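Subject: Handover of a two-chain model

Dear colleague,

Please find the structure below, passed to you for your own reading.

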Amino acid sequence: MIDSPTPQLSLKATGRARRRLFVNKAAELAALSAAVAAIAVLAILVWSVFSRGLHALNWDFFTKGPAVFGQTGGGVAPALVGSALLVGIATAMALPFGVMTAIFVSEFAPKKLGDQIRLWLDVLNGFPSIVIGIFVFTLMVQKPLPVVGWGNHQSAFAGGFALAVIMLPLVARATIEVLALVPNHLREASYALGVSKWNTVIRVVLPTSFGGILTGTTLAIARAAGETAPLLFTCVLAGQTVDWNPTHSVNSIPFTIFSYSEAPDENLHQQAWALAFVLIVFVLVSSLTARFLLERSRRKLGTR
Amino acid sequence: MEAASVPGTRRLPRTRRLGDRLGDSLLYGLTAFAAFLGLFIIALIVWRVFAGAWPAIQDFGIGFLWSNEWNPVVNQFGARDLIIGTIVTSFGAILLAAPLSIAIGLFLSELAPPSVRGPVGTLVEMLAAVPSVVVGLWGIYVLAPFSANHLPPAISSVLGWLPIFADGQDKVESTVFAAMLVLTIMIIPITSSICRELFLGVPTELEEGAVGLGATRWEMVKTVIVPSVRGGVVAAVILGLGRALGEAIAVSQVIGNFIPLKRSIFQPGDTLASRTASQYQGAVSNIQVASLIYLALILLVITFITNFAAQRIVKRFDLNRAA
């Protein structure tokens, strides 16, 4: 008995342990392939847009209006200008109100009220963008704007307002987060010097968080620039020429892609892809830059 | 005595006090006004959409929800198949996206080496930044033709005896199924990045405890991570669902805009949001416009409920974690 050979000891897993390790490997592989699949989709999407859109780009594309039906050539200058106008109007409305909302929540409101406002901002952010478009349609396109009596037709102003409703919760939420990162000792130091609250907010809190607010706004702009649904009922019946008048309805990049993508004309498909290229480059570059800057300003605030 | 050595102190206090009192209350008033303007806009949205839908509500009543006709010629409108289409596409997309998102979240929080996490996480989030109209354009010309030629025939040959998976051999391009795929692509970045945050938030001691007791990584995930953030994952999925329910543009580009709904998902269909979007220039009569707004109202109610539920779950979940 004593000198019977000891069982072979080995680190190789057998039986139950082997099965457990196998299941583990399978699960890890599944997780890895899910991540790879997601990135592959992004890569294929971006590659399709680049390969189909790039060769339709030329100088005329950026500077000319659409060609006469059936002819090749022509450009999308009205859509580029229109999008700039729409996003400009939306930013001018959403940025001040978003930042002020954030200041109220993080500097003035009691915690409970602040939480409530944050919750409702998230609810507003969750509204489908097509519903926002319908809302603006019923507010100032279908009928004149109540009280003011202005509108009753599609306009860049109406479209810009719809985009502003989309941007407002994004700007406000991003700013609330950045304001929360401003170290309290900066505020306290300011109060200790006898500076009033409003001066502290404007001279200490806002400058410290300026970078973060800027990047939050950039992300919101990137989102708004690509939104089509809010514009469908508020700002699509436009002429084919460059128009800077905000009371007129203007063309926009996303709507032009939408309508060209369903057009029967091959030339228009080309232009849709080229516009998609322009849009995707704008959106990806601006949101990547914004993210990078946000990381940096977070680190800066965190280590101070 | 010391004060006298500081120049200008005599003049400053009075002006500052008045200015500060004014400034403080002015800033308070302005920011409070801005904050409540946001709430006012939410109320205004609900009120205006309801008012805009009122003519259709008066005409068709609540029966609009289960009547199934969309006929501008005789001014008869109903939403049944659009509601069903919305629910089918969104839930189909969620069924595909939820497991994938959880897997991606796990990969990014537990498996990937730290040098890979950052870039891969950013790339997945970039997918969320792609505008829906671009996803739709890509859906029409790349995804839908590819899918129609490969996926539905394969699925039909195995599961074709189920009515919803029938007709895959027809190779129709604009289908409910294509809309599901597009929606899946659009919600994965949202749900997976929330999942990643949740998994990263699980205390390291718990994970180390499980591994120290001899659990494999998968067992650690299954017994420690997932149970401790289950509520959060549910909320993430509901948030993704809310996004899928409301997506109008990309869906209307690939779904084919056709009702009555067929039994198979490999046939064209329509949803509330995409019907509203596709009729932006086609509405002729007032009652048709009001019916479109009625659709938006239904959509508003559905997404309001889903989002509110998700927010409540997230909130409760945060409190549990803090306690």
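Where is the kink in H5(B) centred? The kink is centred on Gly139(B) and amounts to about 55°, the bend at a residue being the angle between axes fitted to the seven residues ending there and the seven starting there. Helix H5 of chain B covers residues 132-159. Its 28 residues would reach 40 Å as a straight helix at 1.5 Å a residue, but the end C-alpha atoms are only 31 Å apart. The expected span of a helix is 1.5 Å times one less than its number of residues. Helices (H or I, at least four residues) and strands (E, at least two) are DSSP runs, numbered from the N terminus.

The model is predicted: local features need pLDDT of at least 70 and side-chain atom pairs count only at pLDDT 80 or more, while totals for chains, interfaces and linings use all residues. Residues are numbered from 1 along each chain as its sequence is written, and chains are lettered from A and ligands numbered from 1 in the order in which they are written. The model scores ipTM 0.88 and pTM 0.89. For chain B, the average pLDDT (the predictor's confidence in each residue, from 0 to 100) is 86, and 92% of the residues score at least 70.

The two chains

Chain A holds 11 helices and 0 strands. Its radius of gyration is 27 Å, well over the 19 Å that the globule rule gives for 304 residues, so chain A is more spread out than a compact globule. The radius is taken over C-alpha atoms, and the globule rule is 2.2 Å times the number of residues to the power 0.38. Along the principal axes, the C-alpha atoms of chain A fill a box of roughly 105 × 70 × 35 Å.

Chain B has 12 helices and 2 strands. With a radius of gyration of 26 Å, well over the 20 Å given by the globule rule for 323 residues, chain B is also more spread out than a compact globule. Its C-alpha atoms fill a box of roughly 95 × 65 × 35 Å along the principal axes.

Buried residues make up 46% of the 304 residues in chain A and 48% of the 323 residues in chain B. A residue is buried if 20 or more other C-beta atoms lie within 10 Å of its own, exposed if 12 or fewer, and partly exposed in between, with C-beta atoms placed from the backbone.

How the chains meet

In total, 69 residues of chain A are in contact with 68 residues of chain B, contact meaning that the C-beta atoms, placed from the backbone, lie within 7 Å. Helix H1 (residues 15-53) of chain A gives the most to the side of chain A that touches chain B, with 18 residues. That side of chain A divides into 52 nonpolar, 12 polar and 5 charged residues. Here Ala, Val, Leu, Ile, Met, Phe, Trp, Tyr, Cys and Pro count as nonpolar, Asp, Glu, Lys and Arg as charged, and the others, Gly among them, as polar.

Further helices of chain B

Helix H3 (residues 80-111) of chain B has 32 residues that should span 46 Å, and its end C-alpha atoms are 45 Å apart, which agrees. Of its 32 residues, 24 are buried, so H3(B) is largely enclosed by the rest of the structure.

Individual residues of chain B

Trp70(B) is found in strand E1 (residues 70-71) of chain B. Trp70(B) counts as partly exposed, with 19 C-beta neighbours inside 10 Å. Leaving aside residues up to four places away in sequence, Trp70(B) touches Phe77(B), Gly78(B) and Ile259(B).

Most residues other than glycine have a negative phi. Asn75(B), in the loop between E1 and strand E2 (76-77) of chain B, has a positive phi of about 55°. Asn257(B) also has a positive phi, near 45°, and lies in the loop between helix H10 (249-254) and helix H11 (272-278) of chain B.

Note on methods
Two residues are in contact if their C-beta atoms, placed from the backbone, lie within 7 Å.
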